[in-house]
Amino acid sequence: MEGVGSFGAGRAGGEFDPVAFIKRPQTILRILSWIFSMAVFGSIVNEGYVNSGSERLHCIFNKNYDACNYGITVGVVAFLASIFFTVLDIYFPQISSVKDRKKAVLMEMGFSGFWTFMWFVGFCFLANQWRQTSPNELPLSQGADAARAAIAFCFFSIITWACLTVVAVQKFLLGTDMTLFTTDHLDAKPNIQPYPPSTVVETTDTYKSPPFTQNLQTSPKGYPEPTY
């Protein structure tokens with residue numbers, strides 16, 4: 001993991017370095033996920049519907065409109081989610097609240113894991129429908145490349161989103177380094193400074209004689225006798 005501190009990010013309010021941000025493995029995975037999702041729904045929208053001797057367009061995947069709709073929906077949502085989480089990655093170091101950071105990481109981890117599963121379902125669904133597609137019913141020469149591209153990029157998306165899930169889990173396991181935050185961001189508690197150790201040495205010896213000693217000789221009347 002790059003970065004240390006609260007859930008993979010350092011002190012809040014630090015300067016943003018675009019070069020270092022782009023070089024992060026997480027950012028590279030997000031860009032790849034964005035490209036792959038665009039390739040999936042773009043292939044289906046542009047060439048995923050063919051005309052087989054009638055005015056009605058049929059889905060290239062065994063005339064199953066659910067297959068085309070599923071691929072488009074998963075691709076578009078993944079496309080938007082990649083943009084959203086990229087913006088969140090940029091803003092994440094500026095979040096000073098540890099609880100808000102934890103919520104963001106949990107949301108990222110949950111969505112990435114769920115969308116990995118959705119891409120896996122999409123890959124199996126499209127591949128199965130493409131295998132059952134008959135060249136006698138549809139002119140496969142029109143949209144065969146688009147169908148194969150959609151299936152391939154579904155598979156690639158499984159890998160990228162699975163890696164993003166692992167990154168999010170690692171981020172969550174980093175936990176919180178509370179020393180990176182000032183006391184203004186924490187629950188306000190006064191810092192109690194201990195008193196410095198006393199340098200006064202206390203003795204247990206008691207006075208063995210009265211504080212004022214008089215060695216003067218007194219007269220019978222109690223007055224001191226003068227000396228000459």
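In which helix does V76 lie? V76 lies in helix α3. The model described here is predicted; local features need pLDDT of at least 70, side-chain atom pairs count only at pLDDT 80 or more, and totals for chains, interfaces and linings use all residues. Residues are numbered from 1 along each chain as its sequence is written, and side-chain values use heavy atoms, with hydrogens and water left out.

The chain holds five helices and two strands. Helices (H or I, at least four residues) and strands (E, at least two) are DSSP runs, numbered from the N terminus. The order of elements from the N terminus is α-α-β-β-α-α-α. The chain has 228 residues, of which 34% count as buried. Buried means under 20% relative accessible area, exposed means over 50%, and partly exposed lies in between (1.4 Å probe, protein chains only). Among contacts with a separation of 6 or more, 78% join residues 24 or more positions apart. A contact here means heavy atoms within 4.5 Å.

Two helix pairs involving α3 are described in turn. Two packed helices are described by the angle between their axes and the distance between the axes. Axes are lines fitted to C-alpha atoms, for helices over the stretch in contact, and angles run from 0 to 180 degrees between N-to-C directions.

Helix α2 spans residues 25-47. Its axis and that of α3 come within 8 Å and cross at roughly 155°. The two helices are therefore roughly antiparallel to each other. Angles under 35 degrees count as roughly parallel, over 145 as roughly antiparallel, 65 to 115 as roughly perpendicular and the rest as oblique. The crossing of α2 past α3 is left-handed. A crossing is left-handed if the near helix is turned anticlockwise from the far one by less than a right angle, and right-handed if clockwise. On the α2 side, the contact is made by Q26, R30, S33, W34, S37, M38, V40, F41, I44 and V45. On the α3 side, the residues are C68, G71, I72, G75, V76, A78, F79, S82, I83, F85, T86 and D89. By class, this contact of α2 with α3 has 13 nonpolar, seven polar and two charged residues. Ala, Val, Leu, Ile, Met, Phe, Trp, Tyr, Cys and Pro count as nonpolar, Asp, Glu, Lys and Arg as charged, and the others, Gly among them, as polar.

V76 is partly exposed, at a relative accessible area of 31%. V76 and W34 stand 42 residues apart in sequence, with 9.5 Å between their C-alpha atoms.

Helix α3 (residues 65-91) also packs on helix α4 (residues 98-131). The angle is about 155°, and the axes are 10 Å apart. That makes α3 roughly antiparallel to α4. Here too α3 passes α4 in a left-handed crossing. From α3, the contact draws on D66, A67, Y70, V74, G75, V77, A78, A81, F84, F85, L88 and D89. From α4, it draws on A104, M107, E108, F111, W115, M118, W119, V121, G122, F125, L126 and Q129. The contact of α3 with α4 comprises 18 nonpolar, three polar and three charged residues.

Helix α4 also holds T116. T116 is buried, with a relative accessible area of 13%. Its side chain reaches the backbone oxygen of W161 at 3.1 Å. Such a polar contact is a pair of N or O atoms within 3.5 Å; within protein, one must be able to donate a hydrogen and the other to accept it, and residues adjacent in sequence count only if both atoms are side-chain atoms. Not counting residues up to four places away in sequence, T116 touches I158, W161, A162 and T165.

S43 belongs to helix α2. S43 counts as buried at 16% relative accessibility. The S43 side chain reaches the backbone oxygen of A39 at 2.6 Å. With residues up to four places away in sequence not counted, S43 touches G48, A146, A149 and A150. R148 is placed in helix α5 (residues 140-173). At 48% relative accessibility, R148 is partly exposed. The C-alpha atoms of R148 and S43 are separated by 9.2 Å, although the residues are 105 apart along the chain.

The loop between β2 (57-59) and α3 contains N62. K63 is found in the loop between β2 and α3 as well. Phi of N62 is near 55°, a positive value in a residue other than glycine. Phi of K63 is likewise positive, near 55°. N62 counts as partly exposed at 23% relative accessibility. K63 counts as partly exposed at 33%.
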